[in-house]
Amino acid sequence: MNVVYVSNEAYAQHFAVSFASLCDCNPDEEELTVYLLDTGIRTETAEKLQALAADFGRELILLPCEKLEERFPERPDTGKFNLSTLGRFFLGELLPSDVKRVLYLDCDTVVQRSLHRMYTADLRGALLAMAEEPTIYHEVKAYLGILPEAPYFNAGVMLVDLARWRAENIGGKLLDYYGSIAPYCLFQDQDAINGLLRGRIATLHPAYNFITNYYYFSYAALEVFSPAYRKIGERRFEAAKRRPAILHYAGDERPWRQGAYNPYGRAYLCYLARTPWKDAAPEDGKQAYLLCYHGMNLLTRHFPSLRFAIGRRYVKKSAEERRRKMREAGKA
């Protein structure tokens with residue numbers, strides 16, 4: 001099994017937690033090689049990570065990917081996201097040529113059980129497999145040319161046919177496409193992957209990328225908002241909620257933030273205790289904000305339309321702000 005992450009120094013702790021969970025939950029994998037695209041990790045941090053890998057008896061290979069901005073014609077404006085998120089574009093050229101299939105994981109994930117069945121699944125002609133993100137707003141699909149009833153996928157977990165990725169120069173095509181949508185693009189490489197590769201993405205079971213905010217949503221609310229999610233089915237959604245294989249802490253209730261409540265936070269803290277960061281203090285979570293955020297999550301159970309309305313207003317405001325900045329920079 002080949003697994004790849006992208007991390008800088010700021011996310012090294014979270015990578016260590018995810019890596020520990022991956023190793024712990026997949027002891028039967030005869031070969032488990034983890035690649036880390038290093039976008040700015042200090043030497044002493046890299047040594048800690050290698051010691052952690054040795055504790056689990058697994059191989060961790062750091063691949064230098066510093067000065068990522070130099071791989072673009074000009075430094076991209078990634079908005080609220082760190083530039084390292086665009087490292088996914090370069091999987092084909094940075095990973096060894098003998099890696100034909102790879103599982104990409106975001107650092108803010110925690111593995112809960114074996115991934116063997118998912119990793120070895122037949123992609124049936126698809127270039128990659130991802131889990132759907134039913135809460136994406138139709139405004140985002142619109143600027144990508146995706147129909148409202150079609151699926152949009154979360155890029156936090158991707159099973160990639162890397163041989164075909166290279167053969168078709170997907171990395172180069174993504175760079176070109178990303179440049180074309182830059183004035184509107186809110187979700188960076190995730191938008192580019194969805195827009196360019198629509199129709200070529202297989203659907204992963206939601207258990208393999210369970211965004212922890214979805215704990216507060218009913219299946220009925222999600223399938224009304226995103227008609228494509230009806231193909232997932234309530235049974236699979238509820239099974240994912242009860243027993244996720246990969247947790248994805250994509251919302252603001254992140255368990256490493258002081259004052260954050262997350263119904264799945266215990267999983268992160270349990271694996272944190274098995275890393276060199278076990279004594280790390282929680283980040284300042286802006287507790288008043290997190291209290292309001294949690295209140296919104298609780299309201300989601302009974303008033304999902306209110307949650308979607310709040311989110312749509314945020315997306316609209318963010319899109320307007322991005323276009324304004326692009327105009328001022330002469331890029332739109």
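Two rings of Phe, Tyr or Trp count as a pair if their centres lie within 6.5 Å. I start from that rule. The model I am reading is predicted.

**Entry 1: aromatic rings**

I looked up the ring pairs and got a count of 20 aromatic pairs. I then picked out Tyr 137 and Phe 225. Their centres are 5.5 Å apart, and 75 degrees separate the planes. I note this pair as edge-to-face. Tyr 137 sits in the loop between strand S6 and helix H5, while Phe 225 belongs to helix H9. The two are 88 residues apart, and the pair links distant parts of the chain. Are these two residues buried or exposed? Both Tyr 137 and Phe 225 are buried.

My next pair was Tyr 219 with Phe 237. Here the ring centres are 6.1 Å apart and the planes stand at 40 degrees, so I call the pair tilted. Tyr 219 is in H9 and Phe 237 is in helix H10, so this pair ties together parts 18 residues apart in sequence. I checked burial as well. Tyr 219 has 9% relative accessibility and counts as buried. Phe 237 has a relative accessible area of 0%, so Phe 237 is buried too.

Which residues do ring pairs link into a cluster? I listed Tyr 137, Phe 210, Tyr 214, Tyr 215, Tyr 216, Phe 217, Tyr 219, Phe 225, Tyr 229, Phe 237, Tyr 264 and Phe 308. Both pairs above have their residues in that cluster.

**Entry 2: charges over rings**

I searched for charged ends over ring faces. The charged end of Lys 48 sits over the ring of Trp 277, at 5.3 Å from the ring centre. Arg 307 lies over the face of Tyr 293, and the distance to that ring centre is 5.9 Å.

**Entry 3: H1 against H2**

I turned to helix H1, residues 12-25, and helix H2, residues 43-56. Their axes are 10 Å apart, and the packing angle is about 10 degrees. An angle under 35 degrees counts as roughly parallel, so I write H1 down as roughly parallel to H2. From H1, the contact uses Ala 12, Phe 15, Ala 16, Phe 19, Ala 20, Cys 23 and Asp 24. From H2, Thr 45, Leu 49, Leu 52, Ala 53 and Phe 56 meet them. By class, I find ten nonpolar residues, one polar and one charged.

I also looked up His 14, which is found in H1. Its relative accessible area is 2%, so His 14 is buried. What does His 14 contact, leaving aside neighbours within four places in sequence? I found Cys 107, Trp 256, Tyr 268 and Glu 283.

**Entry 4: helix H8**

Helix H8 covers residues 188-196, and eight of its nine residues are buried. I therefore note H8 as largely enclosed by the rest of the structure. The buried residues are Gln 188, Asp 189, Gln 190, Asp 191, Ala 192, Ile 193, Asn 194 and Gly 195. They pack against S6, H5, strand S7, helix H7, strand S8 and helix H13.

I followed up H7. Its axis comes within 9 Å of the H8 axis, and the two cross at roughly 105 degrees. H7 and H8 are therefore roughly perpendicular to each other. On the H7 side, Lys 173, Leu 174, Tyr 177, Tyr 178 and Ile 181 make the contact. On the H8 side, I noted Gln 188, Asp 191, Ala 192, Ile 193, Gly 195 and Leu 196. By class, this contact has seven nonpolar, two polar and two charged residues.

Technical notes
Residues numbered from 1 in each chain as written. Predicted model: local features only at pLDDT ≥ 70, side-chain atom pairs only at ≥ 80, totals over all residues. Heavy atoms only, no water. Axes fitted to C-alpha atoms, helices over the stretch in contact; angles between N-to-C directions. Helix = DSSP H or I, 4+ residues; strand = E, 2+ residues; numbered from the N terminus. Parallel < 35°, antiparallel > 145°, perpendicular 65-115°, else oblique. Contact = heavy atoms within 4.5 Å. Nonpolar A, V, L, I, M, F, W, Y, C, P; charged D, E, K, R; others polar. Phe/Tyr/Trp six-rings, centres within 6.5 Å; stacked < 30°, edge-to-face > 60°. Buried < 20%, exposed > 50% of the residue type's maximum accessible area, 1.4 Å probe, protein only. Lys NZ or Arg CZ within 6 Å of the ring centre and 35° of its normal.
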